[in-house]
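Let me put it on the screen.

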Amino acid sequence: MMGTFHIFELVLKGFQSNSVIFCNEVSANKPQLRKPFLAGFEYIRPVSGSTVGQPLDMSEKTVLYCHPHLQEEPNLEFGKIHDLYSLGVVLLEIGLWTTARQLLQQARPPRPPAPRDIREEYIRKANSKLPLRVGRSYTEAVDACLESRHKYQAIRPDDFLNVFDEEIVQKLSKKRLLN
């Protein structure tokens with residue numbers, strides 16, 4: 001889904017686990033887990049444009065999904081790699097079946113963690129817990145999202161979707177996950 005927005009050179013800029021919605025199948029009254037919808041587009045914008053309206057809310061909940069560089073450099077332009085980081089946090093939550101807040105509370109010192117510490121904790125949890133729960137391929141996709149800053153910055157915009165497909169989408173495919 002996120003790749004579709006990136007094809008059209010749009011960034012979501014507020015992607016969180018509550019952005020993913022599952023609707024019930026009318027005939028069976030069961031959630032359609034294979035057909036999720038994305039919601040919460042209050043910050044969506046073109047990649048090359050500036051955000052129209054309010055700046056990104058930096059509440060405690062938003063910070064959990066926000067790339068550390070955006071928190072450390074408030075004037076940094078939001079890009080596709082920042083959406084990927086948020087996707088990585090959501091995939092981590094799904095893989096461990098817990099919220100980002102709960103993940104950090106398990107390891108949190110008495111003071112609020114620095115943005116880089118949050119990212120490092122996510123990466124540590126992904127590498128130590130995900131492989132046993134959801135497999136190596138899923139873990140690699142999460143790592144690709146959480147480590148996105150340098151790898152995706154270095155590629156040309158035209159190649160971004162190919163790398164996104166190879167590094168994330170294909171690793172989350174049923175075929176790869178079942179192997």
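Which residues of the largest nonpolar core touch the most other members? Keep in mind that what you see is a predicted model. The core has 31 residues, and the ones that touch the most other members are Leu 87, Leu 92, Tyr 122, Val 142 and Ile 168. As for where the core comes from, two or more residues are given by each of helix 4 (80-96), helix 5 (100-107), helix 6 (115-134), helix 7 and helix 9 (160-169). Helix 4 gives the most, with nine residues. As a general reminder, nonpolar side chains in soluble globular proteins tend to be buried together.

Now over to helix 9. Here the buried residues are Phe 160, Val 163, Phe 164, Glu 167 and Ile 168. Look down the axis of helix 9 and these buried residues fall within an arc of 105°, so they line one face of the helix.

Next, some individual residues, beginning with a loop. Is His 67 buried or exposed? His 67 is buried, with a relative accessible area of 0%. You'll find His 67 in the loop between helix 2 (60-63) and helix 3 (68-72). Its side chain makes a polar contact with the side chain of His 69, at 3.1 Å.

Trp 97 is another loop residue, sitting between helix 4 and helix 5. With a relative accessibility of 77%, Trp 97 counts as exposed. Its backbone deserves a glance too: phi of Trp 97 is near 50°, a positive value in a residue other than glycine.

My last stop is Phe 37, in strand 5 (residues 37-38). At 46% relative accessibility, Phe 37 counts as partly exposed. Phe 37 and Ile 21 are 16 residues apart in sequence, and their C-alpha atoms are 5.1 Å apart in space.

That's my tour, so over to you for questions!

Key. Residues numbered from 1 in each chain as written. Predicted model: local features only at pLDDT ≥ 70, side-chain atom pairs only at ≥ 80, totals over all residues. Heavy atoms only, no water. Core = buried A, V, L, I, M, F, W, Y, C linked by side-chain atoms within 4.5 Å. Buried < 20%, exposed > 50% of the residue type's maximum accessible area, 1.4 Å probe, protein only. Helix = DSSP H or I, 4+ residues; strand = E, 2+ residues; numbered from the N terminus. Arc of directions from axis to C-beta. Polar contact = N/O pair within 3.5 Å; in protein donor to acceptor, adjacent residues only side chain to side chain.
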